Every structure is written in C-alpha cells, then in structure tokens.
Amino acid sequence: MRKNSIWGYLFLLPFLSFFGLFVIFPLIRGVYMSMTKWGLYGGNLGFIGLKNYQLLFDPNFFMSRQFWESMWATTQFMIFSVPLFIFSGLGLAILINNQFLKIKTVSRMIFFVPVALSAPVIAVIWMWLLEYNSGLINFLLTFIGIGRIPWLTQQPWAWISIVITTLWWTVGWNMIIFLGGLQNIPTELYDAAKVDGANSWNTFIHITLPGLRNVIFFITIFQIIASFNLFAQPQLMTGGGPGRSTLPVMLYIYQTAFNFSLPYMGISSAMSVISGGIILIIIMILFLTLGKEAY
Amino acid sequence: MVNKKIIKFITTNFLALILIFLFAFPIYWMIIDSFMPNDLIIKWPPIFIPNKLTLNNYLQIINGTPIIRWFLNSIFVSVAVATLSVLIDIFAAYALARMNFKGRDMIFKIILGALSIPGIILFLPNYVTVNFFGWTNTYLAIILPALAGTFGVFLLRQFFIGIPRELEEAAKIDGAGFFSIVFKIIVPEAWPAIITLFVMNFMGTWNDYFWPLIVLNSKSMYTLPVGMAAIQSQYIQWYGTMMAGAFMIALPSIVVFIIVQRYYIKGIVFTGVKG
Amino acid sequence: MKKVVVFLMILSLLTVSFVMASQIELSFWNGFTGPDGSYFQKIVDQFNTEFAGKIHVTMTTMAWGDYWTKVPVSLASGQGPDIGISTEDHILSIADQGMIRPLTPYMNTLGVSKDKFYSAVWDNGYFKNQLWGLPIDQNPLCVLYWNKTLFKEAGLNPDQPPVNRQQFIEYAQKLTKVVNGNQQYGTMISTGWPTYFIWYSIFRQNGGSLFNSDHTKAIYNDNAGLDALQFLYDLVYKYHVSPTNVQVDSDVRAFQNGTVGMEFNGLWELTAYEQTPGLDFGAVLCPQLGSEIPAVDSGADYLVIFNKKGMSNDNIQAALTFFKYVEEHISIWMQSPKLPAEPSVLSDSFFQSIPMLASITKDANNIVYPHFFNLWGQATGPIWDAINYALTGKKTPVQALNDAVNTSNQILASQQTY
C-alpha cells in the first residue's frame, strides 16, 4: 500500500505542478492583486484592502459605471445568444438526423467547419461582409430596395452583427453535441411512439426533449460560459461601439489592465473577481436546481 | 401518405441546401475577394465576376508580414502542448484511476472543481507569473500554462476506469512495473481517447487568441490568430489583402480539421453527452 | 619577412574581429505598420549599410495599441527596445513613469535646439526643463481637401480654397446641387472618426481650452466649444450642405468618387486621393473657421531612448548617431506622408519634389497640440460621444457638450481617489 503511495504521487506530480502554478496559485494571487494598487509598468504599488471593491460599487467613480455597463453588455449578449444558439444547434441536429436527408455528411461538415477557425479570422470575414460602404450584405439590401444598414456602428445592428457572426462560428459545436445526444435516444422509444400513432410534434416534446435533458443542460452551461467570454468579435468588429454598448466585461478588463499610464491592474483584478464570482454563482445555482434532475 | 413523404423529402433537402449555401458563402466570398485588387474591391456596385484577378494581395501578406514564421510558431506550440499535456495527463489519470494513495479522491474532486473556475479570474495573475519568470514573449508562455488543463485528466481517468482490470492484473503477475503497465497496456487500450485528447489540445492551442495576445510582444513570435488581428489592423481598408491573410490563416485550420474531424467530434461529444 | 607578414595578418584579423565583435545592436520599435512604415525602413536600411560593422538597427513594427502595452511590459521585465517612437500624446506619460531618458545632455551632439524646430512640436516634447524626444514629423489631423473639377463647375477658383467660415459656407452651398440626377454635396461631416479633430481645431481657433490649468475641471462646453460644435451641426441640419448620418469613411469614398466638393480628414488620406485615378484635388491645412487665432490639430512623432536596463554609454552614443542620421535624411520619411518638424526641411529639394507637401507645409506654424496629462485620453473620450450624439441628431449641441463635461469631470475626479 505504501509503495503504491509514492508512485501515485509521483505520477501526479508533473500535472499537479502545472495545476498548482497556473490554477491554484493565481486564484489566490488574483484575490490578493484585487486588493492592491498595481501598475503594468510599476508592479505592486501597495495593499489597499477593499478599496478597489468599494470604488467599483461607487456610482460616482467613472470606472465603476464603465465596469457595470460592460457587465450589462455581456449580459445582453448572453440573453441574445444562449437560447438562440441552443435552439439553432438543436434544429440543425434534428435536420441532419432526419431520415429524409440525403446529404448528411456534407451538411454536417459544412455547418461544423467554422468551428475550426479562430475568432479573429471569423471576425475579419464578417467585418468585410457587413462593411457599410462596400460590403456584400449592404449591396444585397440596396439591390432589393432596403438600403444600407450601419451594421457595425449603430444599434441594434451592432449586436445583431456580433450575434450572427458568433452564431455562424459556433452553432456547429452545439449541433454536434446534440447529434450525439439524439443518437443516444433508443430507437425503440420512437418505434413505440409510432405504434401509438403520435405525430412528430408530440414525439419531439415527449421523447426527444426529455431524452436530451442532460445534453441540453450541459450545452446551456457551456454556452453561458462561452458567451461570458466574448472578446474578439467586439474587439475587432465594433471596437466596443457605438459608445460602449458592445463592450463586454472581458474586453473592458483587458483594456483597463493593460493601460500602462495608470495603475489599474489591481482594480481590474477586482473586476475579474466580481464578474467571475457572479458567473460562478449563476452556474452553481443552475447545477443545484436543474442539475439534480440531470443526474 | 406517399405524397406527405415526398413533400417532407423535398423540404428537408431544400432547407438543408439553403443552409449549406448560407454557411459556406462567407468562406467562398473571402476566397474570391482575396484575389481581387484592393481598388476594385471597394467599387460600387460590387464586382461579382472580376476581369482582373491578382495574386498581389497574397504577395503583400507574404512580404509584409512574417506569416510563415507565425505558421511555424503555431505548429510548434500546438504540437508541444498536445504532446506534453497528453503525457502528463496519462500519468495523472492513471494515478487517479488505478492507484491507491491517501487523498486520491480529494485531489480528484479539487481538479474537477477547478473546471468551474472562470478563466477571467486567472488570466491577470497568470500574466504576472509569466512575466516574473521572464517567459513573456517566448514559447514557454504559451506552452506551460496550457499544461495545467484539467479536461484531459478528467477525460482519460473516466476512460481508464473503464478498462478491464484483468489486463493489468495479468501484467502485474508477470512482474510488470507501473511504467510498463501504463505504456504497454493502458495506452494501447485507451488509444482512441488519447488521440482525441491530442487533437482537442492541438486545436485548442492552434486557435487560441486571448492568451497569446497578451503574452506575445514581438511580431515574430505571434501565433496565427494573433497574426490575423495584426493583419487586420495593418491592412485596415485594404480588404483584398485582409481576405488573403484570412484565407492563408484559415486554410491550415480547415485542412487539419478535415483530417482529424473524427476525433475532434468524438471529443466534443464526450464533453457534452457524458460530461 | 614572413614572420612580419604573419604577424600583421594576425594583427589585422584581431582588429577586424574586435571591430565586428563591437558592432552595437540597437532594437528599434514603432507603430508604423502598413505602407508608410516602409519609408522609415528605408532610412534604417541605409543607415545599417553606411554604419555596417559599427551600428546595426533592427526595426520592429506593431499596431500602436499593442505597442503601448508591449513596450512598458518588456521594459519592466528587463527586455524590450533600446529606442523607439513616441507619439505626441504619450510622451508625457512615459517620461513621467521613467520609461525614457532625457535627451537634454545630448542636445549638442545631436545639434538641436528649440529654434531649429516649429515651436509647438518642440514644446510638446520639452517639459520639466528637459528634452524628452527628438521631434521628427508632424501629422496634421485636420486637412481640407477640395475637388478642383467640382470647384470649376461651380464657378469657383480651383486654386483658392475657402479661407474663413463665411467663404466655406458659401462655397459649400454653391457645391451642393443635383448633378446628372445625383445629389452632390459641398461637404460631408462624419458622425464619428475623424470629426473630433475638426472640432478640436475650430475649438482652438476660437481660443478654447479643454480643461482648467490643474486638470480638475472640464471647461470645453464654453462658447468656444459650443460654437465649434454648432457650426458642424449647422452644416448638416441648417445649411444642408452635408448629408445626415455620414458613416466613417463614407466621406472618403464620396470624395474619391467625385460626389462631394470639400472634405476634412487627416494628412494620411493624401496617398489614397493621389492614387485615385481622375481625381484633381487640392489640399491645405484647416482654414480659420474660428474667430480668434489660426490653429490646426496635429499628431507628431518623437524619437526616444528607452531606459532599458544595462544600456551602456556606447549604446547611447550609437542611438544618438542613429537619431542624427534620421534627422538628416528625414525627407525620405516625409513621403509617408508627413509634414516636417523643422522649417529647414522646406528648402530640401527632395522634400519639394514630394507632391503637395511643400504647399501644405506653408501653414505649419498654425499647428497646435493639446495639453496632455495622464488621464487626457480618458477625459476627452466623452467629447467623441458628444459629437456623435449631436451629429446624429440625438442631442442638441448644448446638451451633448454639457453631458460630456459631466462625464469628463467624473473621470477627472478619480485623480483624487486613485
């Protein structure tokens, strides 16, 4: 038993070293940093207790307002994208799974290929499609008589642009998972339903959806986390604009932390802790309420 | 009854065709426009069938950016991360799946719990750590933090647990040590899962944007995603050149993806369905 | 004899290797990505050829946003560039933080003094009794481009752009008409970039000052600021010489397509217009559209020596040699295009051969720079929003500016708390 012990720890050692250095240690240090004044160039400028947190809840402090505005932008994106991406993924999966579809493999691959690209690449592709003066989409709109739309410089088009771009990019991911889930539902259930004379809508509600319960739950969690991490699309496509309306919290923290002329890294850490904490709580709540059924 | 089936057949395939068209079109447009001269590309109304195709945009990218170097950087770090993480994850997963030692389950719970720590809390202090060791702007800054990924350990451990114990028992009777067991029995049995993990970590590193953006300072060290952002700002307004850069960067991703899609898909399905 | 020859050969080998070993390497970073950077690269390449074996400069470019993150970070960890460029808005911050070396002790070596330069650009780099950077160019942010063909058609003298507000409005009205079924406009005022720079120029022309002397209050909603914004607003909504809701770069496209008579933009658009076939145009620094003194908003670039750990005196001397070389060959860089920081460049024949620059430079004495301080960037951000709100008709100019001042004041107040 003892011999096993040493080997056990030895085998774990490489992984645990990296895990400790890059997961556990920064967790503690991040909290510490959030209670300091810290400059990009100057480094640790001193412990200031909870001052950063106080300031972030002080409506008169301009960074507090900008921070909560960015939290709202992230929230808006989550509201626009989470349900939409889940249902779109499910829809595509159902389409692919449909017995009448002849072009299954090709479809599946084409819907999924954008997932293989990195965020800046899709941002650039769509930036050009949505370009105000010469972009293809505005051309089609003027062609059919609607006229140009300022996709990246005015609301609500800016959010629509980011949502569509991200949808094209990641819906394939959800689709693939749903496909796996669909194929896990025993066909006997469907056969039994047919025998009972159920139509497709009823089958969907009473067999497919319950069978996908687990999958839907986990895709929801993934989608929430992924939407929370929104960064490249607004950074490269709208610059956070118009104004700050599409500036998500990840981008705002990045901008404040890496501003060299002002010692904002500490307060950015506080922002990270607050926003990270909020998303963690949301996920915990979801796990505790709905997760019980999924398991 | 037959009529209904024909209608369903037509609508399903028709819908799929429309969606395929919509999904594929942006990539098609990127490719077409990458061969159009920059001054023609902004003409109004847009020219759909250019009479003047050019390789100029591609030449601009090759001459104006270290894109080849970016490609090599991406390959190096992606292969390094995929290989090293698989190695250390195999050992960690085996320890957690098969070995008995104090605190084993506790450690596993901590590792599992870490999956829920939002990355947003970790990136700034990790940046300070990387800076402290002088790893900024080196390959180490990309490779080392990626080895702390817990997904691989989780994936492999679940898989290892499912391997029939008889195989290892037999080997132990023959006097095999832990290393032998891992490499001669566990790895061959778990090969699909290992390849899947390799592929997922490779693609993850290959497409990573945010972390390389903050730790890589000089242009020659960029990975392809960061390079794409650099091209976007360098050639702003020159959309033909931008599209050429985008295509050059997208192409390897698509090629690699088509080759490994079986495993990549397996990995994704595992996370969603069994995770 | 043989021995002597061998001895001399060994001696010369040692000397050569000693010389080669002591070639000084300087790393030079800047934000000149894109085609204009290639002109600076030419200067660097020429320098490296002439000073081969003694000094070698390696130039690296990156987007300015990245530059201002990477430079402090690498310097903080002991790496980073030896020399670089600072734009006019950052030189105060980086000097404050101790990231660059003062150049005052080297002014003689460089052969520079205040009277050699346009005073505005010199003063922006000279503060706290020290010279912090060598000015190498000025990049005006408010240039008036006009279409000579459209001027002729409207009965205006194609070589005489408007020189005051009244003329501007008059000319714009004459240029706003329907031509061949298409609406032609006298001008186009963008609702975003780069209208802030136009506003700021007119604001300074009205004698305005953005903040009070200790930067605790924003005061740009006074008559100077309001008048400037109202003027731009009126061009759109009162005189109708500009369309509404002009998107960024729509004005550039329209100017290239010959559907707008006059357009405001930075000097950087000059190349694009020169390369537009069939466009006969003129360019001049922003005319006096205000009421007090001529003023044109501008950017500028300075050569700086970073406070890199372990920089030897030899390295500093090498850097100075490079700086002097750049200054002597600055006309190459002016092609990017830029205006010179020194009036003497006007007499350089190469500079005179660059199209249009010499004639634009004649007003260079009007160039002004804002009074920068650490929070300047943040504190002026609301003005951009105000201009956007006013020009899109969402707020009146008065409202927009007042709201912006409130936000700016909040930002300035944080100087006390943080």
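## Exercises on charged side chains in a predicted model

The side chains of C:Lys338 and C:Asp36 form a salt bridge, with 3.9 Å from N to O, and this value, like every other one below, is computed from a predicted model.

**Exercise 1.** For the salt bridge between C:Lys128 and C:Asp96, find where each residue lies and how accessible C:Lys128 and C:Asp96 are.

*Solution.* The N to O distance of this pair, C:Lys128 and C:Asp96, is 2.8 Å. C:Lys128 sits in the loop between strand 4 (126-127) and strand 5 (130-131) of chain C, and C:Asp96 sits in helix 4 (residues 91-96) of chain C, so the pair ties together parts 32 residues apart in sequence. As to accessibility, exposed means over 50% relative accessible area and buried means under 20%. C:Lys128 is exposed because its relative accessible area is 54%, while C:Asp96, with 42%, is partly exposed.

**Exercise 2.** Explain which parts of chain C are tied together by C:Asp159 and C:Lys148, and then name the residues that salt bridges with shared partners join into one network.

*Solution.* The side chains of C:Asp159 and C:Lys148 meet in a salt bridge of 3.3 Å, N to O. Since C:Asp159 is in the loop between helix 7 (148-153) and helix 8 (165-175) of chain C and C:Lys148 is in helix 7, the parts tied together are 11 residues apart in sequence. C:Asp159 counts as exposed, at 55% relative accessibility. The network consists of C:Lys116, C:Glu327 and C:Glu342. Over all chains, the structure holds 14 salt bridges.

**Exercise 3.** Identify the residues of the positive surface patch and the element that gives the largest share of the patch.

*Solution.* The patch is formed by A:Lys194 together with B:Lys4, B:Lys5 and B:Lys8. Its largest share, three residues, comes from helix 1 (residues 2-34) of chain B. B:Lys5 has its place in this helix 1 of chain B, and B:Lys5 is exposed, because its relative accessible area is 52%.

How values were computed: Residues numbered from 1 in each chain as written. Chains lettered and ligands numbered in written order. Predicted model: local features only at pLDDT ≥ 70, side-chain atom pairs only at ≥ 80, totals over all residues. Heavy atoms only, no water. Patch = residues over 30% accessible without salt bridge, like charges linked within 9 Å, V, L, I, M, F, W, Y side chains within 5 Å. Areas by Shrake-Rupley, 256 points an atom, 1.4 Å probe, with all protein chains shown as cover. Salt bridge = Lys/Arg side-chain N within 4 Å of Asp/Glu carboxyl O. Lys, Arg positive; Asp, Glu negative; His and termini not counted. Charge placed at Lys NZ, Arg CZ, Asp CG, Glu CD. Helix = DSSP H or I, 4+ residues; strand = E, 2+ residues; numbered from the N terminus. Buried < 20%, exposed > 50% of the residue type's maximum accessible area, 1.4 Å probe, protein only.
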